[in-house]
Amino acid sequence: ERIKDVLIVKAPQPDASGKLSTIAIQTDKGTFLVLRNSIAKKMEQHVGAKTDLMGIYKEVDGKKVFEPWVFQRKVEGQTPRRLPG
């Protein structure tokens, strides 16, 4: 699933199991914890930034979480460049 204009925020509480990242995402549907993977580790540096994400919603320990596959950080005022071709 592709999600646009997502805000990366700090997770409300640390995860004792180690399955979840220290960040969460805020969408128009609510706030979701992020599953720990290599993409989530890269996203941790950009708390407070907007991004576009691609991934899937899953259920872990009874909570609905998001597993990111691809993220693209958005820089305010910057438009995407097209490569010549």
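The model is predicted: local features need pLDDT of at least 70, side-chain atom pairs count only at pLDDT 80 or more, and totals for chains, interfaces and linings use all residues. Residues are numbered from 1 along each chain as its sequence is written, and side-chain values use heavy atoms, with hydrogens and water left out.

**Fold**
- The protein has one helix and five strands, in the order β-β-β-α-β-β from the N terminus.
- Helices (H or I, at least four residues) and strands (E, at least two) are DSSP runs, numbered from the N terminus.
- Of the contacts (heavy atoms within 4.5 Å) with a separation of 6 or more, 44% join residues 24 or more positions apart.

**Surface**
- Trp-69, in strand 5 (residues 63–74), is partly exposed, with a relative accessible area of 44%.
- Buried means under 20% relative accessible area, exposed over 50%, and partly exposed in between (1.4 Å probe, protein chains only).

**Buried residues and Ser-21**
- Of the 85 residues in the protein, 36% are buried.
- Ser-21 belongs to strand 2 (residues 20–27) and is buried, with a relative accessible area of 4%.
- Beyond its neighbours within four places in sequence, Ser-21 is in contact with Ala-11, Val-34, Leu-35, Arg-36, Ala-40 and Glu-44.
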